[in-house]
Amino acid sequence: MWERVAPLLPPAPERRHRYPGRRRVPDRAALAGVMYVLRTGVAWRDVPAGSVGCSGVTAWRRLRDWTEAGVWPRLHAALLSDLRRAELLDLVDCAVDGSHVRALKRGAQVGPSPVDRARPGSKHHLIVDRHGVPLAATLTGGNRHDVTQLLPLLDAVPPVRGLRGRPRRKPRRLYADRGYDFDKYRRLLWKRGIKPMIARRGVAHGSGLGKVRWVVERAFAWLHQFKRLRIRYERRTDIHQGLLELACSLICLRRLVSATYA
(Lines give C-alpha, C1' and ligand atoms only; values in the text may rest on other atoms or scores of the structure.)
Protein backbone atom coordinates (compact mmCIF):
# COMPACT_ATOMS: atom_id res chain seq x y z
CA MET A 1 0.00 0.00 0.00
CA TRP A 2 2.82 2.41 0.79
CA GLU A 3 4.26 1.98 -2.70
CA ARG A 4 0.86 2.96 -4.14
CA VAL A 5 0.21 5.90 -1.82
CA ALA A 6 3.65 7.51 -1.73
CA PRO A 7 3.60 9.04 -5.26
CA LEU A 8 0.19 10.63 -4.57
CA LEU A 9 1.06 12.39 -1.30
CA PRO A 10 1.59 16.17 -1.28
CA PRO A 11 5.18 17.27 -0.65
CA ALA A 12 6.15 17.78 2.97
CA PRO A 13 6.73 21.38 4.10
CA GLU A 14 10.35 22.47 4.27
CA ARG A 15 11.93 22.40 7.71
CA ARG A 16 12.97 25.71 9.20
CA HIS A 17 16.70 26.30 9.58
CA ARG A 18 16.35 28.42 12.68
CA TYR A 19 14.50 26.84 15.60
CA PRO A 20 13.47 23.82 13.52
CA GLY A 21 11.72 22.10 16.38
CA ARG A 22 10.86 18.41 16.50
CA ARG A 23 11.46 16.35 13.37
CA ARG A 24 8.43 15.57 11.23
CA VAL A 25 7.02 12.06 11.58
CA PRO A 26 7.58 10.11 8.33
CA ASP A 27 4.53 9.78 6.12
CA ARG A 28 4.84 6.01 6.12
CA ALA A 29 4.50 5.88 9.91
CA ALA A 30 1.50 8.23 9.73
CA LEU A 31 -0.14 5.96 7.14
CA ALA A 32 0.45 3.01 9.46
CA GLY A 33 -1.35 4.92 12.22
CA VAL A 34 -4.31 5.70 9.96
CA MET A 35 -4.61 2.08 8.87
CA TYR A 36 -4.31 0.90 12.48
CA VAL A 37 -7.32 3.01 13.46
CA LEU A 38 -9.24 1.95 10.35
CA ARG A 39 -8.62 -1.73 11.04
CA THR A 40 -9.09 -1.85 14.84
CA GLY A 41 -11.56 1.01 15.39
CA VAL A 42 -9.74 2.39 18.44
CA ALA A 43 -9.90 6.07 19.36
CA TRP A 44 -7.17 8.24 17.91
CA ARG A 45 -5.77 8.97 21.33
CA ASP A 46 -5.34 5.22 22.00
CA VAL A 47 -3.02 4.53 19.06
CA PRO A 48 0.11 2.83 20.49
CA ALA A 49 2.81 5.22 19.32
CA GLY A 50 5.58 2.85 20.36
CA SER A 51 4.57 0.03 18.02
CA VAL A 52 2.90 2.04 15.23
CA GLY A 53 5.54 4.76 14.95
CA CYS A 54 3.42 7.89 15.48
CA SER A 55 0.77 9.23 17.81
CA GLY A 56 -2.92 9.14 16.98
CA VAL A 57 -3.11 12.93 16.83
CA THR A 58 -0.36 13.03 14.21
CA ALA A 59 -2.08 10.28 12.21
CA TRP A 60 -5.39 12.19 12.30
CA ARG A 61 -3.76 15.43 11.17
CA ARG A 62 -2.00 13.67 8.31
CA LEU A 63 -5.29 11.97 7.35
CA ARG A 64 -6.98 15.38 7.33
CA ASP A 65 -4.29 16.88 5.10
CA TRP A 66 -4.29 13.96 2.68
CA THR A 67 -8.08 13.94 2.50
CA GLU A 68 -8.19 17.65 1.70
CA ALA A 69 -5.51 17.06 -0.97
CA GLY A 70 -7.70 14.42 -2.69
CA VAL A 71 -5.30 11.51 -2.22
CA TRP A 72 -7.87 8.76 -1.65
CA PRO A 73 -10.02 9.20 -4.80
CA ARG A 74 -6.86 9.20 -6.95
CA LEU A 75 -5.56 6.09 -5.17
CA HIS A 76 -8.86 4.28 -5.72
CA ALA A 77 -8.97 5.24 -9.41
CA ALA A 78 -5.38 4.06 -9.94
CA LEU A 79 -6.09 0.67 -8.36
CA LEU A 80 -9.25 0.23 -10.44
CA SER A 81 -7.20 0.88 -13.57
CA ASP A 82 -4.64 -1.72 -12.47
CA LEU A 83 -7.44 -4.24 -11.92
CA ARG A 84 -8.85 -3.58 -15.38
CA ARG A 85 -5.39 -3.91 -16.93
CA ALA A 86 -5.07 -7.30 -15.23
CA GLU A 87 -8.55 -8.27 -16.50
CA LEU A 88 -9.85 -8.57 -12.94
CA LEU A 89 -12.62 -5.98 -13.32
CA ASP A 90 -15.99 -6.69 -14.95
CA LEU A 91 -17.86 -3.46 -15.67
CA VAL A 92 -20.62 -5.10 -17.68
CA ASP A 93 -22.79 -6.07 -14.69
CA CYS A 94 -22.76 -3.88 -11.57
CA ALA A 95 -24.82 -3.87 -8.38
CA VAL A 96 -25.81 -1.09 -5.99
CA ASP A 97 -27.12 -0.97 -2.42
CA GLY A 98 -27.01 0.97 0.86
CA SER A 99 -26.18 0.10 4.47
CA HIS A 100 -26.97 1.91 7.74
CA VAL A 101 -24.33 2.74 10.36
CA ARG A 102 -24.89 4.40 13.71
CA ALA A 103 -23.41 7.91 14.15
CA LEU A 104 -22.49 8.51 17.79
CA LYS A 105 -21.16 12.07 17.50
CA ARG A 106 -23.70 13.43 15.03
CA GLY A 107 -22.35 16.03 12.58
CA ALA A 108 -23.12 16.59 8.90
CA GLN A 109 -24.77 13.85 6.82
CA VAL A 110 -26.51 12.43 9.90
CA GLY A 111 -30.23 11.80 10.24
CA PRO A 112 -32.77 9.72 12.18
CA SER A 113 -32.34 6.14 11.08
CA PRO A 114 -35.62 4.41 10.13
CA VAL A 115 -34.18 1.00 11.02
CA ASP A 116 -32.71 1.98 14.42
CA ARG A 117 -35.65 3.63 16.23
CA ALA A 118 -34.81 7.08 14.83
CA ARG A 119 -31.38 7.16 16.44
CA PRO A 120 -28.82 9.35 14.65
CA GLY A 121 -27.15 7.45 11.86
CA SER A 122 -25.58 7.64 8.44
CA LYS A 123 -25.76 5.45 5.38
CA HIS A 124 -23.06 4.03 3.14
CA HIS A 125 -24.04 3.75 -0.53
CA LEU A 126 -21.96 1.40 -2.67
CA ILE A 127 -21.70 0.34 -6.29
CA VAL A 128 -19.61 -2.73 -7.17
CA ASP A 129 -18.65 -4.67 -10.28
CA ARG A 130 -19.60 -8.29 -11.07
CA HIS A 131 -16.97 -9.60 -8.61
CA GLY A 132 -17.85 -7.22 -5.75
CA VAL A 133 -14.98 -4.78 -6.27
CA PRO A 134 -16.06 -1.33 -4.98
CA LEU A 135 -16.27 1.23 -7.78
CA ALA A 136 -17.57 4.16 -5.71
CA ALA A 137 -18.93 4.85 -2.24
CA THR A 138 -20.86 7.83 -0.88
CA LEU A 139 -22.09 8.94 2.53
CA THR A 140 -25.51 10.40 3.38
CA GLY A 141 -27.80 10.79 6.37
CA GLY A 142 -29.50 7.70 7.72
CA ASN A 143 -32.92 8.95 6.63
CA ARG A 144 -32.05 9.30 2.93
CA HIS A 145 -33.72 6.84 0.58
CA ASP A 146 -31.38 4.55 -1.33
CA VAL A 147 -32.78 5.50 -4.73
CA THR A 148 -31.85 9.17 -4.25
CA GLN A 149 -28.18 8.18 -4.40
CA LEU A 150 -28.44 6.04 -7.52
CA LEU A 151 -27.36 8.73 -9.97
CA PRO A 152 -24.78 10.34 -7.64
CA LEU A 153 -23.18 6.91 -7.24
CA LEU A 154 -22.94 6.47 -11.00
CA ASP A 155 -21.45 9.96 -11.31
CA ALA A 156 -18.90 9.12 -8.58
CA VAL A 157 -17.42 6.19 -10.53
CA PRO A 158 -14.02 7.40 -11.78
CA PRO A 159 -12.91 6.92 -15.39
CA VAL A 160 -11.34 3.46 -15.30
CA ARG A 161 -8.35 3.16 -17.64
CA GLY A 162 -5.98 0.26 -18.06
CA LEU A 163 -6.90 -0.89 -21.58
CA ARG A 164 -6.71 0.71 -25.00
CA GLY A 165 -9.57 2.94 -25.94
CA ARG A 166 -11.74 5.31 -23.96
CA PRO A 167 -11.91 4.82 -20.18
CA ARG A 168 -15.04 3.11 -18.84
CA ARG A 169 -17.33 4.92 -16.40
CA LYS A 170 -20.67 3.13 -16.56
CA PRO A 171 -21.94 -0.45 -16.63
CA ARG A 172 -24.17 -2.03 -19.25
CA ARG A 173 -26.55 -3.53 -16.69
CA LEU A 174 -27.24 -2.35 -13.14
CA TYR A 175 -28.73 -4.70 -10.53
CA ALA A 176 -30.64 -3.40 -7.51
CA ASP A 177 -33.25 -4.53 -4.98
CA ARG A 178 -36.85 -3.38 -4.56
CA GLY A 179 -35.83 -0.16 -2.87
CA TYR A 180 -34.81 1.19 -6.28
CA ASP A 181 -38.05 0.23 -8.05
CA PHE A 182 -39.16 3.62 -9.42
CA ASP A 183 -40.11 4.17 -13.05
CA LYS A 184 -38.51 7.60 -13.03
CA TYR A 185 -35.07 6.16 -12.26
CA ARG A 186 -35.55 3.33 -14.72
CA ARG A 187 -36.06 5.91 -17.46
CA LEU A 188 -33.02 7.89 -16.30
CA LEU A 189 -30.88 4.74 -16.45
CA TRP A 190 -32.11 3.90 -19.95
CA LYS A 191 -31.28 7.46 -21.01
CA ARG A 192 -27.70 6.91 -19.84
CA GLY A 193 -27.45 3.69 -21.86
CA ILE A 194 -27.70 1.43 -18.78
CA LYS A 195 -30.16 -1.46 -18.64
CA PRO A 196 -31.92 -1.44 -15.21
CA MET A 197 -32.20 -4.89 -13.62
CA ILE A 198 -34.29 -3.87 -10.62
CA ALA A 199 -36.59 -6.16 -8.64
CA ARG A 200 -40.27 -5.27 -8.69
CA ARG A 201 -42.11 -4.42 -5.50
CA GLY A 202 -45.05 -6.64 -4.60
CA VAL A 203 -43.71 -9.57 -6.63
CA ALA A 204 -42.82 -12.87 -4.99
CA HIS A 205 -39.16 -13.71 -4.55
CA GLY A 206 -37.49 -15.85 -7.18
CA SER A 207 -36.69 -13.36 -9.93
CA GLY A 208 -33.10 -14.64 -10.11
CA LEU A 209 -31.54 -11.18 -9.69
CA GLY A 210 -30.02 -12.22 -6.39
CA LYS A 211 -27.59 -14.51 -8.22
CA VAL A 212 -25.77 -11.38 -9.39
CA ARG A 213 -26.74 -8.82 -6.75
CA TRP A 214 -25.38 -10.70 -3.74
CA VAL A 215 -21.85 -9.44 -4.40
CA VAL A 216 -22.75 -5.99 -3.09
CA GLU A 217 -23.83 -7.52 0.23
CA ARG A 218 -20.49 -9.30 0.44
CA ALA A 219 -18.71 -6.03 -0.33
CA PHE A 220 -20.45 -4.41 2.64
CA ALA A 221 -19.23 -7.29 4.80
CA TRP A 222 -15.69 -6.60 3.56
CA LEU A 223 -16.04 -2.90 4.31
CA HIS A 224 -17.38 -3.45 7.81
CA GLN A 225 -14.48 -5.72 8.67
CA PHE A 226 -12.71 -2.38 9.07
CA LYS A 227 -14.10 -1.65 12.51
CA ARG A 228 -13.81 2.12 12.18
CA LEU A 229 -16.55 1.98 9.53
CA ARG A 230 -19.05 -0.08 11.53
CA ILE A 231 -19.95 2.96 13.62
CA ARG A 232 -19.36 6.52 12.50
CA TYR A 233 -17.24 8.32 15.10
CA GLU A 234 -15.97 11.23 12.95
CA ARG A 235 -18.00 14.43 13.06
CA ARG A 236 -16.40 15.64 9.85
CA THR A 237 -17.96 14.09 6.78
CA ASP A 238 -14.83 14.34 4.66
CA ILE A 239 -12.76 12.41 7.22
CA HIS A 240 -15.23 9.50 7.32
CA GLN A 241 -15.53 9.60 3.52
CA GLY A 242 -11.74 9.45 3.28
CA LEU A 243 -11.62 6.37 5.51
CA LEU A 244 -14.38 4.81 3.40
CA GLU A 245 -12.41 5.40 0.19
CA LEU A 246 -9.22 4.08 1.80
CA ALA A 247 -11.06 0.87 2.75
CA CYS A 248 -12.31 0.51 -0.84
CA SER A 249 -8.72 0.90 -2.06
CA LEU A 250 -7.54 -1.79 0.35
CA ILE A 251 -10.18 -4.20 -0.98
CA CYS A 252 -9.01 -3.48 -4.54
CA LEU A 253 -5.39 -4.03 -3.55
CA ARG A 254 -6.20 -7.34 -1.86
CA ARG A 255 -7.87 -8.63 -5.01
CA LEU A 256 -4.94 -7.50 -7.13
CA VAL A 257 -2.35 -9.09 -4.85
CA SER A 258 -4.28 -12.35 -4.41
CA ALA A 259 -4.62 -12.75 -8.17
CA THR A 260 -0.94 -11.99 -8.69
CA TYR A 261 0.25 -14.68 -6.27
CA ALA A 262 -2.47 -17.22 -7.03
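How much space lies in the largest pocket? About 380 Å³ lies there. This is a predicted model, in which local features need pLDDT of at least 70, side-chain atom pairs count only at pLDDT 80 or more, and totals for chains, interfaces and linings use all residues. Residues are numbered from 1 along each chain as its sequence is written, and side-chain values use heavy atoms, with hydrogens and water left out.

Select Arg 22, Arg 23, Arg 24, Val 25 and Arg 62: of the 15 residues lining the largest pocket, these are the closest to its centre. A pocket here is an open set of points on a 1 Å grid over the protein atoms alone, where a 1.4 Å probe fits, with protein on both sides within 12 Å along at least five of seven lines; lining residues have an atom within 4 Å of a point. The volume is the space filled by probe spheres set on the points. By class, this lining has 10 charged, four nonpolar and one polar residue; Asp, Glu, Lys and Arg count as charged, Ala, Val, Leu, Ile, Met, Phe, Trp, Tyr, Cys and Pro as nonpolar, and the others as polar.

Next, select Trp 44, Lys 105, Arg 228, Tyr 233 and Glu 234, the closest to the centre of the second largest pocket among its 13 lining residues. Its volume is about 240 Å³. Six nonpolar, six charged and one polar residue make up the lining.

Finally, select the cysteines. The whole structure has zero disulfides (pairs of cysteine sulfur atoms within 2.5 Å). For Cys 94, the nearest cysteine sulfur is that of Cys 252, 12 Å away. For Cys 252, the nearest cysteine sulfur is that of Cys 248, 6.9 Å away.
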